[in-house]
Amino acid sequence: LDEPTTGLDPQSRSALWDEVERLATQDGVTVFLTTQYLEEADVLADRVGIIDRGKIVAEGTPDELKREIGGDSVEAIPADPHHLERAAEVLEPFGEPAAHSPKGAAVRLSHGAEQLPSIVRALDEAA
């Protein structure tokens with residue numbers, strides 16, 4: 001199923017989730033599902049594969065993946081796209097690079113909310 005709940009209303013989405021779960025548990029059917037909704041993968045999947053640029057970059061149960069790659073991160077999206085590289089430089093000391101949108105730079109934080117005030121100050125000073 002390729003993103004089967006995209007555009008569905010909440011009731012239809014829930015009904016589809018119930019049917020996929022029934023197929024897997026009662027009928028023993030293996031269902032391959034692509035989704036961008038993390039809560040959908042968390043609810044429906046026994047195993048999850050994360051694909052980046054056509055290659056599987058992470059694989060496991062939802063709980064395994066959350067423990068392995070979960071955690072806090074922060075993304076900065078500069079108002080001026082020409083400042084993206086500078087935003088990445090400012091964020092670099094605060095953590096390891098993390099997944100981000102095409103217009104942003106992000107890092108995975110080791111101390112989450114504790115680091116946020118320092119990050120905001122650093123970004124403000126760099127502006």
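In helix 4 (residues 84-91), the buried residues are Ala87, Val90 and Leu91, where buried means under 20% relative accessible area with a 1.4 Å probe and protein chains only. Seen down the axis of helix 4, these residues fall within an arc of 95°, so they line one face of the helix, the arc being that of the directions from the helix axis to the C-beta atoms. Their cover includes strand 3 (73-76), strand 4 (95-97), strand 5 (105-109) and helix 5 (116-126), with contact taken as heavy atoms within 4.5 Å. Helices (H or I, at least four residues) and strands (E, at least two) are DSSP runs numbered from the N terminus.

The model is predicted, so that local features need pLDDT of at least 70 and side-chain atom pairs count only at pLDDT 80 or more, whereas totals for chains, interfaces and linings use all residues. Residues are numbered from 1 along each chain as its sequence is written, and side-chain values use heavy atoms, with hydrogens and water left out.

In helix 1 (residues 10-25), Arg13, Trp17 and Val20 are buried, and because they fall within an arc of 65° when seen down the helix axis, they line one face of helix 1. Helix 2 (38-44) is included in what covers them. Arg13 also lies over the face of Tyr37, at 4.6 Å from the ring centre, a charge being counted over a ring if NZ of Lys or CZ of Arg is within 6 Å of the ring centre and within 35 degrees of the ring normal.

Strand 1 (residues 48-52) and strand 2 (residues 55-60) run antiparallel and are joined by five bridges, pairing being assigned if DSSP finds at least two bridges between two strands. Asp52 has Lys55 of strand 2 as its bridge partner.

Notes: Buried < 20%, exposed > 50% of the residue type's maximum accessible area, 1.4 Å probe, protein only.
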